[in-house]
Amino acid sequence: MKRYICSIIIGMVVILSIGTYYVKVASSASGLPKYNFKTLEGSDKELDPVIIHGSLEVDPIYEPLTIESNQSIYASERSYFENLSGIRDFQIERLIKEHRSFMRGRDSINSLYEDDDFLAYASVNEDFTKNGKMEAEFDIGLLEKKGEDETSFKIELPDQERIMNVVVRDVQLVHSKLQVLTMNDVNSNDEKQTIEVHLYTIDLANKKVLSDKTLLSETFTDPNQVDLEMPTDIAPSQPNNMVLISLIKGVNHEDGFKEKLKESKLLSYNYDTEKLETVKLPKKESLSPDMARGGYADGKKLYIVDTKSDKYHIKTFDLSSQKITNDMELDLTVNKKEQDFAAFKNGRVYFLLGSGRDQEGVLTSKPAQLLITDYKTGKTLYKGETVTNKKNGKNYGFNIESLEVK
């Protein structure tokens, strides 16, 4: 009898907790401004696949906000269980719906690979023992879509005693072997710091690491600094035979990181040829590795946002010929105080401008601007800016964090 009474009490507590949650949702969300895009040019149907993640920031309020299909929703308006899982990448949401069992607990887009036949996953689980020793292992999964045959296993990461941190940046399936590209912080046992780019080849059939290849290794001491970055992958889970890595060396000063452009370069690694090469950016276009690392890549082309003129330009750099093949001028005036975001999908360029801050770092209430352009013709298909239903003049700060397109 006591057991049943305890179960009833626990159930009542859960119900009351969820009920309290929804009461708080109703009271908190009702006073927050709603955002959507006001159409200035083109058709608002172009907004249907657009997803913008951000947050409302005005002291003391911080509230995650998503604008999807031109409708805004706050985290406090989502269900209790939706907030437990957090806001996911749209592609992750799709894969969870299609392959729920395989995707359970797997939510990093950079750790996924997908083609018509297979879905693969590779991440690194890290832990430190009481004596500070690193213990790390690969979490590997492979799903054969046709028969829904699933293989999952864990395997120790090679050379663990040297490693302080591992971040998976790309996963590819090449000749039935899983290729896992990582950026590793390495323990140098002195004042020196070392960062490395590793490529692990994993034999899926025999569940073992075949090779651990160091593609790049840089050691430095403070105030010197080495920055390794990769351009944003347009389709991070899709097959690519090439990845780009931007290497920039500099010195830390009181006023920030100073780059030495003569020590900067853009590197490419080809999974098929297994070659790491320096990309020759055209000097006449004044393209730098710094601009490249802020660009967008798909394994064949690199799309670079150029702000040197009064209008934004999207320059397409072909990686095989190493030449600029397209230079598209966008119908937006350059504002270097505003952060820009881009997406390339459905034959369109989606370009979002916003998240401006004043000299004190406070978000401004200036509207965000969205431009959608046909990639082939350069024609503007949509142009709009954010508006809010709040008319009381309060300076709400809408901070944009990412742009997605379904």
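The exercises below work through a predicted model of one protein chain.

Residues are numbered from 1 along each chain as its sequence is written. In this predicted model, local features need pLDDT of at least 70 and side-chain atom pairs count only at pLDDT 80 or more, while totals for chains, interfaces and linings use all residues; side-chain values use heavy atoms, with hydrogens and water left out.

**Exercise 1.** State how many helices and strands the protein chain has, and what share of its residues is buried.

Solution. Helices (H or I, at least four residues) and strands (E, at least two) are DSSP runs, numbered from the N terminus. The chain has 5 helices and 27 strands. Buried means under 20% relative accessible area, exposed over 50%, and partly exposed in between (1.4 Å probe, protein chains only). Of the 406 residues, 45% are buried.

**Exercise 2.** Describe the largest nonpolar core and the surroundings of Leu-370.

Solution. A nonpolar core is a set of buried Ala, Val, Leu, Ile, Met, Phe, Trp, Tyr and Cys residues joined through side-chain atoms within 4.5 Å. The largest one has 23 residues, and Phe-37, Ile-52, Leu-352, Leu-370 and Leu-403 have the most contacts inside it. Among the elements giving two or more residues are strand S1 (35-42), strand S24 (348-354) and strand S27 (397-405). S27 gives the most, with 4 residues. Next, take Leu-370 and set aside its neighbours within four places in sequence: its contacts (heavy atoms within 4.5 Å) include Phe-37, Val-50, Phe-351 and Tyr-382.

**Exercise 3.** Classify the aromatic pairs Tyr-269 with Tyr-271 and Tyr-312 with Phe-351.

Solution. Rings of Phe, Tyr and Trp (its six-membered ring) pair if their centres lie within 6.5 Å; planes under 30 degrees apart count as stacked, over 60 as edge-to-face and the rest as tilted. The structure holds 7 such pairs. For Tyr-269 and Tyr-271 the values are 5.6 Å centre to centre and 90 degrees between the planes, an edge-to-face pair. For Tyr-312 and Phe-351 the centres are 5.0 Å apart and the planes at 50 degrees, so this pair is tilted. Tyr-312 lies in strand S21 (residues 311-318) and Phe-351 in strand S24, so the pair ties together parts 39 residues apart in sequence. Both Tyr-312 and Phe-351 are buried.
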